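Come along as I look things up one by one.

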Amino acid sequence: MEPAGGAPRDSARAEALLGELEARVQEVVRASSWWERHGVDCAILALSLLALPPGFLCLRSDSPLVFALGITILGVCHYTLTVKGSHLATHGALTESRGWSKVWTLFFVEVCTSFTAEYAKYGHVKMHHGYTNVLGLGDSSTWRLPCLNRYIYMFLAPLLIPIITPLVAVERLREVELRTALRTLGLISLGLYSQYWLLLNVSGFQSPSSALACMLITRSLLAHPYLHVNIFQHIGLPMFSPDKKPRRIHMMSLGVLNLPRLPVLDWAFGHSLISCHVEHHLFPRLSDNMCLKVKPVVSQFLHEKQLPYNEDSYLARFWLFLQRYEEFMVQTPPITELVGLQ
């Protein structure tokens, strides 16, 4: 049993720890230039947009190598715009202007990703970040499909993500105003039809079916690591009950995991989703480049205060999920109770 007043003291200590970490991180942010805070990531997104015309033109070639290059360019650019771009825009990490932040969110989330901006903000920013690993709220349960066995889920299910995404978006539109629903439908249709039109008129595809098949291939190119990353970094870690969730610094240090740097995924998904996920959950408004810059500060602080700093390799997590799929992805996860930290 804890002495009376123990919980308030622990809560105050947790807030003090978070405040100390925030002060250290803000010191780094204030000393950083605009290029470091926003410019690097904006440049990556701009380069991805500029690479699209060469990608579409490569698909005109009769050479298998050039054609494969075109598929690769379009696939990597698609994920850079839809994952990295949408993620940063949803968090308002691309710009300090609220107006432009809204514009970029609509462009990256609805036009590029074929999803709804409102639900992206609600599901990801409010629920997942606000209640990380809290059962029934931000526990990543949307990624669980207990009806699928481990091999279908890990190897085949990712190929359906390009098809499922707009269907889920349309289903979510029942919960928004008519004006918002019409805007979202219009922007999603614009994004899908633009790629379809470019494949027919720029890349020279001769039939609608071949253009649609190419759309599916490019939008599935990095679907496997996208699905895997989303489950590797939270599921299998401590889960908390809604009425006994720990303070924020403990929630994020316990319930979030970093993967090592992986060049292709760093580029297409962003550091905040790969090697700096702990930093991102602690400071979600920082850009990918800034998450990478403050990573040594955060890791040193957590180690210094003897708090968890979870790290593991992609392959280690992959084999762990294959071996313990039933436990992680089918069964209800056990609740972790941290006495004195709620």
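**Aromatic pairs**

I searched the whole structure and found 18 aromatic pairs. For this, rings of Phe, Tyr and Trp (its six-membered ring) pair if their centres lie within 6.5 Å; planes under 30 degrees apart count as stacked, over 60 as edge-to-face and the rest as tilted. I then looked at Phe 155 and Phe 318: their ring centres are 5.8 Å apart and their planes stand at 75°, so I noted the pair as edge-to-face. This pair links distant parts of the chain, 163 residues apart, with Phe 155 in helix α6 and Phe 318 in helix α15 (residues 314-323). Helices here are DSSP runs (H or I, at least four residues), numbered from the N terminus.

Are the two partners buried or exposed? Phe 318 counts as buried at 10% relative accessibility, while Phe 155 is partly exposed at 38%. Buried means under 20% relative accessible area, exposed over 50%, and partly exposed in between (1.4 Å probe, protein chains only).

I also jotted down a cluster: ring pairs link Tyr 79, Trp 143, Tyr 226 and Phe 269.

Residues are numbered from 1 along each chain as its sequence is written, and side-chain values use heavy atoms, with hydrogens and water left out. The chain has a mean pLDDT (the predictor's confidence in each residue, from 0 to 100) of 93, and 96% of its residues reach 70 or more. Over residues 1-5, pLDDT stays under 50. Where pLDDT is low, the predicted coordinates should not be read in detail.

Leu 156 sits in helix α6 (residues 150-156).

**Two serines**

Which loop holds Ser 114? I found Ser 114 between α4 (98-112) and α5 (117-129). Its phi is near 65°, a positive value in a residue other than glycine, and Ser 114 counts as buried at 1% relative accessibility.

Ser 140 lies in the loop between α5 and α6. I noted a positive phi of about 65° for Ser 140, although it is not a glycine. At 8% relative accessibility, Ser 140 counts as buried.

Terms used
Predicted model: local features only at pLDDT ≥ 70, side-chain atom pairs only at ≥ 80, totals over all residues. Contact = heavy atoms within 4.5 Å.
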